[in-house]
Amino acid sequence: MLELAAGTYPVPHAGLRYELARDLRLPRGSWLRLRGENGAGKTTFLEHVLIPHLKERHCLLYLAQDMDLQQNTMRATLALMGLEAPQGLADLASAWIEAGGCQEVVILDEFDKYLTAPQLDALDLGRFGWVVQVSHLERPGVRPDLPGGFELSFVRPDAGRPEVHLGLERLWPA
Amino acid sequence: MSIASPPEPVKQNKSEERRTPVNASTLAEHGRDHCVIDMHNLFVGTTLEDELLLLGSGEKALADIGRECALFGVRLEPGRLLSSYSGGEQAIICSLTLMALLPRRPLRILLVHVLETLSPRNRELLLDRFATVLPDAGLFTLVGSEPQPVGRHA
Amino acid sequence: MAGLKVLTIFVQLTAFFGLFVFGPWYGRMELQAALLAVLLAATAWRGGLRSAWRSLLFVLPFVLSLLAFGLAFQWAGLMGRTDWLHDSLLKALVFPNSFLIVKLGLESITFRDIMGLPLRPGARRYAIVLKAVMEKCTPLLHRYRFFMDLTPHFAGRRSGRFLRLCGVIVAAYISIYQQTEKTLELFDHRTRHLRKEP
């Protein structure tokens, strides 16, 4: 089970305070999509709340939004492991994911915008215990390879105030 | 601002063609014929004030851009590092900056990973602003390695 | 005014190196320590405590290796000398002082100063790009550390921490070249498209 207790999660240096009204409890095989307006704090939540919480309990792979930077560490990692670092981003990500040997949690922050649908399928995200994805693209339909789908919405009622309200919705099964 | 209908979602590209790799220089490939707004190479400077200074503009443009940003829910703060804004906010700030500074003549603007970084609401709003502020400009995105017109603003 | 400011900064840097690195005050441990405190305070005042802390973290590996070598040579009595530790302690102060003062000096030169200098267009272009790359690359180390600290690829390896550090350094080197190329391209591209006449 991937869990985050209901409560308030402040991130002082970003000037944000996340308010999760209900416990986040995602069974194995879940897909969690993070959705919200630009600047609502999705990436900050990932990097300063969810990831620090999850990495104590789970092995995780994180594909960040600033992929132009992260690909440098991906290439360096593969090189240090004595592996070839492919040129194209889709192949690089695939090789990096394979080399990580981790099949628990994968987190993609708008990574789908770099890939075609076949390339995204080729990542075979269904083998992971949990998939967390930030995306502004069209919400996909039910994914048969992932038993459960959820959406965590980020709503910032007032841009001048730190509160960000998080609301969880089950997408599938109905 | 005029949004007549709910914003169209951007679909995952179903094409077999590979997307442009992040490390390919879109400026080198398309910069001659297009004004390129590439998510991975948005700004020369690190603050908007510096950016405007380097591009030969000043206080008035800053005020105009601030007002436009507010339409998108982006609050510009004096002296704030551009990298401290979210990715989508940076795309909006860069697009509005260029809208304010580009000459009003027919030109081609290539958006690379910009529209996919915006929420549906901000995407429609940005296209609307381009149509209003730069009506003679053509907007393009990369499909595979070729610029293709954005449907709404071709 | 910009010219005077930049000249003053370079005169101060020259004076620092002339006095504290290659000159009469090099061997004065108490002066070097006092200067380090002043430079750290100036860094904190300019960029906050976090910035000062990150600057310290950046130089720490070099300082620690200097001290480690000094200890080792002292213990071994290398070349019959008994002042290895004193010498390495001195270098452990001079190195961060040099780094901090150059960093502070170059950061003090703003884009507005560069635009106000009597430079040829080509030279101004390079100065702008150099300043931009310096500002962009400094926070990248922190970002690369974040990525490498998260990566599970070296889990369970005894040299995992060392390999992660190597990953940061390799990525940082790639970045400097990439950022320079990208920034130069972008600056040329923007100035070309923003010209009023076609």
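How does the radius of gyration of chain C stand against that of a compact globule of 198 residues? In this predicted model, chain C comes out at 21 Å, while a compact globule of that length would sit near 16 Å. The C-alpha trace of chain C covers about 70 × 50 × 30 Å along its principal axes. As for burial, 23% of the 198 residues of chain C count as buried.

In secondary structure, chain C is simple to describe: it has 7 helices and 0 strands, so to speak an α-α-α-α-α-α-α run from the N terminus on. Of the contacts in chain C that link residues at least 6 apart in sequence, 66% bring together residues at least 24 apart.

Chain C splits into two parts, with domain 1 covering 1–116 and domain 2 covering 119–198. Their C-alpha centres are 24 Å apart. Where the two domains of chain C meet, domain 1 puts in 6 residues and domain 2 puts in 7. On the domain 1 side of this contact, α2 (29–76) and α4 (111–116) of chain C each contribute at least two residues. That side of domain 1 is made up of 5 nonpolar residues and 1 charged residue, with no polar ones.

Chain C also touches chain B, and here 19 residues of chain C meet 20 residues of chain B. Three helices of chain C, namely α4, α5 (121–137) and α7 (160–193), each bring at least two residues to the chain C side. The top contributor is α7(C), which supplies 8 residues. Sorted by class, the chain C side holds 9 nonpolar, 3 polar and 7 charged residues.

Over in chain A, strand β5 (residues 30–36) is worth a look. Most of β5(A) is covered, with 6 of its 7 residues buried. This strand pairs with β8 (residues 130–134) of chain A in the parallel sense, over 5 bridges. Within that pairing, Trp31(A) sits opposite Val131(A) of β8(A). β5(A) also pairs with strand β9 (residues 148–155) of chain A, again in the parallel sense, this time over 7 bridges. Here Gly36(A) has Phe154(A) of β9(A) as its bridge partner.

Methods
Residues are numbered from 1 along each chain as its sequence is written. Chains are lettered from A and ligands numbered from 1 in the order in which they are written. This is a predicted model: local features need pLDDT of at least 70, side-chain atom pairs count only at pLDDT 80 or more; totals for chains, interfaces and linings use all residues. Domain bounds come from an automatic or database domain assignment. Helices (H or I, at least four residues) and strands (E, at least two) are DSSP runs, numbered from the N terminus. Ala, Val, Leu, Ile, Met, Phe, Trp, Tyr, Cys and Pro count as nonpolar, Asp, Glu, Lys and Arg as charged, and the others, Gly among them, as polar. A residue is buried if 20 or more other C-beta atoms lie within 10 Å of its own, exposed if 12 or fewer, and partly exposed in between; C-beta atoms are placed from the backbone. Two strands pair if DSSP finds at least two bridges between them. The radius of gyration is taken over C-alpha atoms; the globule rule is 2.2 Å times the number of residues to the power 0.38.
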